[in-house]
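The entries below follow the order in which I looked things up.

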Amino acid sequence: MNKEHEEVQSESDIIRGDVLESIFCHVPLIHLVPVCHLSKSWNRALFSSLRHFNKPKPWLIVHSQTSRPPYTTAASSVAFDPRSNLWLRINHHPPVEYVSDLRSSNSTLLYMLSISKFSFSFDPLRLTWHQADPPLVWRTDPVVAMLDRRHIVVAGGACDFEDDPLSVEIYDLETRKWDTCESMPVIFEHSAASMWLSIAANTKTLYAMEQASGITCSFDPISRIWLGPFDLRHDHSEIRRMLKTSKSGN
């Protein structure tokens, strides 16, 4: 076995350096996976090619699904690799039932929420799914975001019969428990559903902006408080003045 490996390694070392890296930059990314295990020199050349030549780009992942039960009837997933200019079918069968329609949050979290279950996945190709009890407050169109790869924040979107339609809950991935915290600011009272809010999140903070007014607040999962509001609306008079100055300059 070692002798065969040495022969393969010696043959692979015939092509090396810039030539090998240039070849790799024309090979579809999915076909480069076995190269990592061929030899150390090819492994180094591969990663050098990925760093300096045709660098990997973010993939586009598309999930299709019927909008009515049973949701699994036409469920499928494909991914587009812009570096290779290829569409790839993702053959996976999530070990969960499709309890509702699929929803996404900031391209990092795919989830399904029903009155009896909360299912979610956050790995790149959505191959691993997690199941949890639903939030304590029933919601029809909440804001959902994952922060610091440990907490999932579910805010707003509660039904009218709930005591607090702006309530916020956090699911801890380590303890696997829900916890309530400070409600969303009252300025979101008439736009607490996700369809009226623009949401952004990094590893530490959730940002919610009301689309109509530009009013923005931020949420810290550690202190569990909302900061703001911040007015991010453009000064329209200043914009008109700049446009007028630009036209007169031409």
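I call a residue buried under 20% relative accessible area, exposed over 50%, and partly exposed in between (1.4 Å probe, protein chains only). By that cut-off, 38% of the protein's 250 residues are buried.

Ground rules next. The model is predicted, so I take local features at pLDDT of at least 70 and side-chain atom pairs at pLDDT 80 or more, while totals for chains, interfaces and linings use all residues. Residues count from 1 along each chain as its sequence is written, and side-chain values use heavy atoms, without hydrogens or water.

**Overview.** I find 4 helices and 15 strands. These are DSSP runs numbered from the N terminus: H or I of at least four residues for helices, E of at least two for strands. I looked up contacts (heavy atoms within 4.5 Å). Among those between residues at least 6 apart in sequence, 40% join residues at least 24 apart. The exposed surface comes to about 15600 Å², with 56% supplied by carbon and sulfur atoms. That area is Shrake-Rupley with a 1.4 Å probe, and for residues only the protein chains shown count as cover.

**Strand β6.** I then went to residues 118-121.

I checked its neighbours, where pairing needs at least two DSSP bridges between two strands. β5 (residues 109-113) runs antiparallel to β6, with 4 bridges. Leu110 has Ser121 as its bridge partner.

**Rings.** I searched for aromatic pairs: rings of Phe, Tyr and Trp (its six-membered ring) with centres within 6.5 Å, stacked under 30 degrees between planes, edge-to-face over 60, tilted for the rest. The whole structure gives 9 pairs. Phe118 and Trp178 have centres 5.7 Å apart and planes at 55 degrees, so I log the pair as tilted. Phe118 is in β6 and Trp178 in β11 (residues 177-181), so this pair ties together parts 60 residues apart in sequence. Both residues are buried.

Next I took Phe120 with Tyr171. This pair is edge-to-face, at 5.9 Å centre to centre and 70 degrees between the planes. It links β6 to β10 (residues 168-172), across 51 residues. Phe120 is buried at 1% relative accessible area. Tyr171 counts as buried at 4%.

Last entry: ring pairs link Tyr111, Phe118, Phe120, Phe122, Tyr171 and Trp178 into a cluster.
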